[in-house]
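Let's take a walk through this one together, a stop at a time. Have the viewer open and follow along.

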Amino acid sequence: MIKKIHFVLLAMMICFASTVSAQSEYRMLVKKSNETKGYRIDRVEEVSFAKVEGEVKAEVSVSNVQLTSLTVTVVRSEACKGFRIAVAPRTIVANYWNYPDYMIQYIEEYGSSMLEEDFLNGSLTGIELESNSDYVAVTVGYDEYGVACDLCRADFTTPKAPLVGNPKVTTTIKSVGKYDFTIHCTPNDDVKGYACVAGEKGEIQSQFDVYAAWFGFTNFGDMIQAWGYTETNAKDISWNEMKPGTDYEIFVQPWDKNGNYADCDTVALRTESLGGTGEAKVSITLGDYKLQPWGEEQLPSQFITFTPNDQASCYRYGVYVVDGEEGYTANKEEIQNDLKSEPPYTNMANWFFYETLTTDFQINPNTSCVAIASAKNANGEWGPVTENFFTTPASTSAKASTRIQSRPVSQKRTLRANRIPMLKQNKVQIAK
């Protein structure tokens, strides 16, 4: 595989360097990823380019997985003159894999020294792995010029730790409402402790994939224990401020007397729905226009109340200036389509609202505006868009801003963090 190198008039720059004065000197800039390194032209002795034929990689496979050692085989391609190998949690590799420079930096910091021969069924030590967790053995190949090139990986899972007894938590659903639910957990005598976390269906797994590396979670149980309600005895556990008509999953993670995780149980439920099957609507009522604190200033605010009808399961709203290129009139279709849209990811705070809401918006005096809202019924069908056109009063005693500001609404939380584990890094040693 031939890599193409792009450079900017290097020869011309060298010629210019010999003619410019000390007050105006050219620099040679080498940019790699997001980093740029500069050189004074008169201090560069030689610039050359070399062509390397073929891939520069070290294929890796893993066998005989233990918590403190692995048996690995690494075979270099013809153009690969050396390689390094490292072991990392899958969560870290998932974050770095699409950014090769960062992955190579990780390998060079935490991986082995440079190896210049194939490694067949050798022992890789100097690691300390968690049981029942996903890891990756990853290599980077180096060419004859010492340039780090292609990455290779081998995914593997460590064995489960032997448990003391049969730790198990029996979970029953006690109640489910529109905004809350309660379960009852009963641990058996082999359970030293357990933790519970609730989230929208699929949310906890996706958060593990995104945040595990940052929080130092090696496996799913680590996250449940860190973020969950931690208990030791039988207890009712409740969640509130949840969303109506939404599928939730509750993860119950027990551990034995030695702190080893048993299997994580999942309890599925759906909160009661709001609304009906008829047409969902939202009424919009204007309130006071008065000075309110916005940051450190007192600015004029227009209070507005949004009230869904009894058929609405949820709704969205917005307030826009009427005129201008970016105004409501010129962009009505786009704005209404955005209003009737689903959140880009699950559990996004304040995308939907469910009950009557009164809030204020910072708007200039004598400004033509429109407040809009639309609701979905229990079948997920969007109703009409309600429009309320208005003009704010012509004068005010306060300085006005140049755009509408929306008052942020308090974000609901369904999870809490009890602690953040330290991220464990493995400094690899390799021996035949």
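In which loop does N132 lie? Look between β6 (119-125) and β7 (134-142), and you'll find N132 in the loop there. Bear in mind as you look that this is a predicted model. N132 has a positive phi of about 50°, although it is not a glycine.

Now jump along the chain to another asparagine, N366. This residue sits in the loop between β19 (357-362) and β20 (368-376). With a relative accessible area of 54%, N366 is exposed.

While you're around β19, have a look at the sheet it belongs to. Four strands make up an open sheet in the order β16-β17-β19-β22, with antiparallel pairing. At the edges stand β16 (282-294) and β22 (405-406); each has a single partner strand, so one side of each has no neighbour in the sheet. The pairing of β19 with β22 is antiparallel and runs over two bridges. To spot it on screen, find Q362, which stands opposite Q405 in β22.

Next, head for helix α5, residues 220-227. Is this helix enclosed or open to the outside? Seven of its eight residues are buried, so the rest of the structure largely encloses α5. The buried ones are G221, D222, M223, I224, Q225, A226 and W227. Buried here means a relative accessible area under 20%. What do they pack against? Their partners are β11 (193-200), α4 (203-215), β12 (229-231) and β14 (247-255). The N-terminal end of α5 is capped by N219, with a side-chain oxygen of N219 lying 3.2 Å from the backbone nitrogen of G221.

The axes of α4 and α5 are 10 Å apart, and the helices pack at an angle of about 90°. That makes α4 and α5 roughly perpendicular to each other, because angles of 65 to 115 degrees fall into that class. On the α4 side, the residues involved are I204, Q205, Q207, F208, Y211 and F215, and they meet F220, M223, I224 and W227 of α5. Sort the residues of this contact by type and you get eight nonpolar, two polar and no charged.

Strand β11 is another of the elements that α5 packs against. Eight of the eight residues of β11 are buried, so this strand, too, is largely enclosed by the rest of the structure. With β14, β11 runs antiparallel and is joined by eight bridges; look for A198 opposite I250 in β14. With β12, the pairing is also antiparallel, this time over three bridges, and C196 stands opposite Y229 in β12.

One last stop: Y145, which is found in the loop between β7 and β8 (148-157). Which residues does Y145 touch, leaving aside those up to four places away in sequence? The answer is A50 and V52. Y145 and V52 are 93 residues apart along the chain, with 9.4 Å separating their C-alpha atoms.

How values were computed:
Residues are numbered from 1 along each chain as its sequence is written. This is a predicted model: local features need pLDDT of at least 70, side-chain atom pairs count only at pLDDT 80 or more; totals for chains, interfaces and linings use all residues. Side-chain values use heavy atoms; hydrogens and water are left out. Buried means under 20% relative accessible area, exposed over 50%, partly exposed in between (1.4 Å probe, protein chains only). Contact means heavy atoms within 4.5 Å. A polar contact is a pair of N or O atoms within 3.5 Å; within protein, one must be able to donate a hydrogen and the other to accept it, and residues adjacent in sequence count only if both atoms are side-chain atoms. Axes are lines fitted to C-alpha atoms, for helices over the stretch in contact, and angles run from 0 to 180 degrees between N-to-C directions. Angles under 35 degrees count as roughly parallel, over 145 as roughly antiparallel, 65 to 115 as roughly perpendicular and the rest as oblique. Ala, Val, Leu, Ile, Met, Phe, Trp, Tyr, Cys and Pro count as nonpolar, Asp, Glu, Lys and Arg as charged, and the others, Gly among them, as polar. Two strands pair if DSSP finds at least two bridges between them.
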